[in-house]
Amino acid sequence: MPTRIIDARDPRTPNLFIAGAPKAGTTFLHHALRLAPGVFMSDIKEPGYFLSERDMRRGLGYYLDAYFAHAAGSAIRGESTPWYLYSDLARRSIAALHPPGGTRVVVLVRNPARRALSMYRDQVRLRREHRSFSDAIEAEIRELDRGCVAPDVRRRYVWGGLYTDHIQAWRRDFDTSRVHVVVLEELIAAPVKGWQDLGEFLGHALGPSRLEDVSGRDRNPRGDLRWPGVDTFLRSFEGKEQFAVEAVKRVLPPGTHRRVLQSIARLNRRSADEEEIANEHRDALSTLDAYYVDEIAALERELDRPIDAWRADPNPEGTARTGRSSGVQPTSDRLRVLHVVSRSHRRGAELVAIELADELDGLGHANEVLALGPSTDGGQETGLVPLVGSPGVGLRELVTRAYRIRGLVLGDRFDVVIAHGGWAAQVVAVAAASGRGRAVLAWQRILNFPPQLWRRGRRPWWRLVSRQFDAAVTLTEEMEQELRDLHFEGPIWTIPNARKPDRFAVIDRHDEAARLRAEVGVGPDTRLIGFVGHLVTQKRPDRAVACVASVVRSGVDAHLVLAGEGPLHPVLEAQVAQLGVVERVTFLGHRSDIERVLGGVELLLLTSDAEGIPGVAIESLMAGCPVVSYPVGGVAKVVDDGTTGVVLSRPDAALMSRAVVSLLTDDARRLAMGDAGRRASTRFTSASTAKLYEDGLVELVSTQNRPRRWPRRR
């Protein structure tokens, strides 16, 4: 098809393409960029539009409606299709776009021998490859020597690692400065530098590195097929122009068919345990290493620098582990862990589960996170697909969710199932009640029981729930005692809440304060007060609004920013109007860059009715932001009263207002608290708590074949 100039005046037109290579981390980088401010990455990660003459005949408008409907206004608008790297059609068509400011192309490359193995293993899992790895690559090398390539591009294991010619072609069609080559192993080893280099290439401030925030769930699934026949059926449509299929596509909203196919494909994959590379694979890898010597030298000349990371690759599988070295070899006590969370969002227990799963991955274990339902507003976190589409919580939802996960809880797929929070614990307990599974069950508690538990006859229910678990994790000694009062006899580990510190460590508070003031439209002398949390009754955001009104009445030029969404939003807006502080309060909505919000405010208010060890307090300390809190839950275990913040003696609005005024008018004291908070926050890192989980779970699993000392009552 001749190249044609495409009208790119539409403000949604993408100006960033992650063009490959397959199995080199494109999914990983795509999801990290989605978290960066001012960046829009298509929700369908691999549109493949410019690979298909059939799709391109629908026109650029179809493409923009399908994948970039909400991209207007974003400085960076991008998509990721790894097979673009090898396509002349895609390269020429993208070069013809000419969006304002020009197009930028990112190419990820990975040790070519290891990438070939990953491609091979993927085809084996999909049941499209039946040869040994050695036979497959030896046959392909013979064909390449004859100048031939396999007709199926996904089985060109060796050819796919010949990066140099393809990169040179992209550099010919684009200015060299518009093509950025990223070596995956270097990005994993030095994520902050890689992120900064990417921001410089894009000419856009990406903020702190978001590579560490990409969970293992935002990598390509690599397990066996659940239903091979379904995959065969879907693949039968590839490359074919069938009247019925094309007619359906014209009726559906743009891009719907692609979303449906990718959702089915993801559901069709089981999780895969990464086993040690067989000896025959090692021999084949040695053959490939020798074959690629000239190719690597050519690529180094093209990039004008050495690629030292490929000289000795410690991890043949090369899986990107969200900014952490992926070369950890599994231990003999390697665990398969399922983390069950209530909702598909990154808050509270869910964030703990996601970060714990990533840290345990880094210790050599295999982890998955399962959300029982969407967030309260019906949305979902990228890569964390909810089990069901309803956000409801009730008896019917309890039974249906328990039925859906029964096979995971009672089957042989996992060694450990961890229920994070009370709702997840109830669902797992009901699922486990109908049989005896192989996995040990652990309950990670995040809140104290409400007083109603002891007053309204609900104790028998929670006693039944607790008896389904083999162990429990609590944040405080008070939570442990509550379980003992329910006659729970299993081991209880008190492990504090934790966060990954990386994205907070690079925060410059002066810069973030200036940025946040500009965002909310206040001057440099205005003191910024923060509230971060779900806008629900438990968090009591109304107290924060009342506090800022009191502070302003005392004569302090203060402004409150509320980061979070929830059902109380309209109620709070009415309260703001009633108190006459409309100009003193800004609703920031849901934010994926909480570290920047906490880095920009003078102090954080914690006004909840109930907390365990509040993660937002840990995050605040990591960002160098003092906390003023009611004496709730285990907050005093995080905030050292008088040193890293203020913990009030009682829940009193007047006391909180006076404490806030005192700190806002004493810069030296407030700054000293922020510095002390950053030092103290090292006690609450995800890496340290993951090791505690590992020690307890490995010991617990090692005794699973013995009769339980705490039999579950059936």
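**Buried residues and their rings**

Guide: Ala32 counts as buried because its relative accessibility is 0%, where buried means under 20% relative accessible area, exposed over 50% and partly exposed in between, with a 1.4 Å probe and protein chains only. The model is predicted, so local features need pLDDT of at least 70 and side-chain atom pairs pLDDT 80 or more, while totals for chains, interfaces and linings use all residues. Residues are numbered from 1 along each chain as its sequence is written, and side-chain values use heavy atoms, without hydrogens and water.

Ala32 belongs to helix H1, residues 26-34; helices (H or I, at least four residues) and strands (E, at least two) are DSSP runs numbered from the N terminus.

Turning to the rings, those of Phe, Tyr and Trp (its six-membered ring) pair if their centres lie within 6.5 Å, with planes under 30 degrees apart stacked, over 60 edge-to-face and the rest tilted. The count comes to 20 aromatic pairs. Phe17 and Phe50 are edge-to-face, because their ring centres are 5.8 Å apart and their planes stand at 75 degrees. This pair links distant parts of the chain, 33 residues apart: Phe17 is in strand E1 (residues 16-18), and Phe50 is in the loop between strand E2 (39-41) and helix H2 (53-56). Both Phe17 and Phe50 are buried. Trp170 and Phe174, by contrast, are stacked, because their centres are 5.6 Å apart and their planes at 20 degrees; both are buried. One aromatic cluster includes Phe17, Phe50 and Tyr84.
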